[in-house]
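Please read the following report beside the sequence and the model.

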Amino acid sequence: MSGIWWKILAVLLVSYAIVGGMLLDVPELPILNESIRNLYYHVTMWFSMMLLLLVSFIGSIRFLLTGQSKFDRIALHSAYVGISLGILGILTGSLWAKFTWGAFWVSDPKLNGAAVTLLIYIAYLILRNSIEDESKRPRISAVYNIFSFVLLIVFLVILPRTTDSLHPGNGGNPAFSTYDLDSTMRMVFYPAIIGWTLFGWWMVQLSMRLSVLNEKYEDNDI
Amino acid sequence: MHKCIILTKQFMSALLQELKSLIILEWKLEWKQKTALSSIFIYLLSTLFVVYLSVKRVVDIPTWNALFWLVIIFAAANGVNRSFSSDSKGRMLMMYSLVSPQAFIISRVIYNSILISLLSLGCIVFYTLFLENPIQNMALFILATTLGAIGFSSILTLVNAIALNTKNSASMSVILGFPILLPQLMISLKLSKFAIDGLSATVYSKYLLSLGLLDLAILVLALLLFPYLWRD
């Protein structure tokens, strides 16, 4: 994507989600009450995390097919931003859990799925750093990225079906349909997903450009 | 069309031939240095003894089940760990020029699955002798451990080939392998729990099917990805 319009759009959408998420009306549900507003931040950040991890997965596939280092860069930096969004998602989620369930962490399929996601992607970063041969590094880490993403999706699908969950939007189906998104909530929820994803992609691009500059600096080209 | 079928048949028989000789080779090499093979079983035995002395008696069925699989995944990780590191650089090069990567990975997966299945059998025997054996449907339990072993060995073999390129491959294969073993482990745990409780086929058939499908998916994925690791 070129141009500046989508960056402006990202900023506008995220600001709208923050302001609108705090001010607009929400349905009054038992237990959840006003904490339902966390849906606008926690869930949307995780949506864009999954989208960025998907970008990383596709980047790795295209790297293996074409061998161009630009795809490897996309895979790595989307994973960076995905992990950052994942950590933010865990923090907002556990803050919410403290006020709704009374504990920062409970053993729940959704939470365990999130923890395993972070474990896998941190392992991916460690793997990249511990391969000394720079010509092998992109290829080997791409293989791991593809393999682990597929198994992660399987895990996220299986997990809620083998155990019970306290998490809102559960009951056999790992979606948020029972959350009872009414129309005002949708008006913030969907723009927020688009906003965070565009914002994340912007961060990926910045991070990629920074790494290119760093490489040039190390080669004394600047 | 007819020619195509004949070519496919020729390819399949060549692949089978390669597989057969690779597995026999693997076994011969293993048998030549018996310490390596026996060390895996002693590893299993000492882990099991640690478990036995720590818990002494397992009253609770889920704990029994969890301890069983915990021992299995550690023993499996340790057993598969040697599957590439025992190869010298020269032998890898020779393999590279002689066999196709597909045949190579399949032979490794088959060999490691047999190894892990044997380890889990040993584990069942030990648990029966020292702790207790609450398993009501033994056939299903063995089926679950065998299907689990196939998935574990495919994942761990691929991850081991990845980890071999890093500085500390032993701990690296655990870091990389354990998080992605989880889906396999979850279904195996569930299935073996059903076997212990002796539930009817209507309950477990769904899980059995999904375990088999997951094994298949992992195998296909490993087959597709291994050639990229092999190209050194």
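Trp196(A) lies in helix α6 (residues 183-218) of chain A, where helices are DSSP runs of H or I with at least four residues, strands are runs of E with at least two, and both are numbered from the N terminus. The structure is a predicted model, in which local features need pLDDT of at least 70 and side-chain atom pairs count only at pLDDT 80 or more, while totals for chains, interfaces and linings use all residues. Residues are numbered from 1 along each chain as its sequence is written, chains are lettered from A and ligands numbered from 1 in the order in which they are written, and side-chain values use heavy atoms, with hydrogens and water left out.

At 13% relative accessibility, Trp196(A) counts as buried, a word that stands for under 20% relative accessible area, with exposed over 50% and partly exposed in between (1.4 Å probe, protein chains only). Leaving aside residues up to four places away in sequence, Trp196(A) touches Val14(A), Tyr40(A), Thr44(A), Met45(A), Ser48(A) and Leu85(A), contact being defined as heavy atoms within 4.5 Å. From Trp196(A) to Ser207(A) there are 11 residues in sequence and 16 Å in space, C-alpha to C-alpha.

Ser78(A) belongs to helix α3 (residues 69-100) of chain A and is buried, with a relative accessible area of 0%. The side chain of Ser78(A) reaches the backbone oxygen of Ile74(A) at 2.5 Å. Not counting residues up to four places away in sequence, Ser78(A) touches Leu52(A), Val55(A), Ser56(A), Trp201(A) and Val204(A). Ser173(B), placed in helix α7 (residues 169-197) of chain B, is buried as well, its relative accessible area being 7%; with the same exclusion, Ser173(B) touches Asn81(B), Val159(B), Asn160(B), Ala163(B) and Phe178(B).

Two helix pairs are set out below, with axes taken as lines fitted to C-alpha atoms over the stretch in contact and angles running from 0 to 180 degrees between N-to-C directions.

| Helix pair | Axis distance | Angle |
|---|---|---|
| α3(A) and α4(A) (residues 109-130) | within 10 Å | roughly 145° |
| α2(B) (residues 34-55) and α5(B) (residues 101-130) | 11 Å | about 35° |

In α3(A), residues including Ala75(A), Ala79(A), Ile83(A) and Ile87(A) meet residues of α4(A), among them Leu118(A), Ile122(A) and Leu125(A). The residues of this contact divide into 13 nonpolar, 1 polar and 2 charged, where Ala, Val, Leu, Ile, Met, Phe, Trp, Tyr, Cys and Pro count as nonpolar, Asp, Glu, Lys and Arg as charged, and the others, Gly among them, as polar. In chain B, residues of α2(B) including Leu37(B), Phe41(B) and Leu48(B) meet residues of α5(B), among them Leu115(B), Gly122(B) and Phe126(B); the residues of the contact of α2(B) with α5(B) comprise 16 nonpolar, 1 polar and no charged.

The buried residues of α1(B) are Leu15(B), Leu19(B), Leu22(B), Glu26(B) and Glu30(B).

For chain A as a whole, the secondary structure comes to 6 helices and 0 strands, and buried residues make up 50% of its 222 residues. Among contacts in chain A with a separation of 6 or more, residues 24 or more positions apart account for 75%.

Terms used
A polar contact is a pair of N or O atoms within 3.5 Å; within protein, one must be able to donate a hydrogen and the other to accept it, and residues adjacent in sequence count only if both atoms are side-chain atoms.
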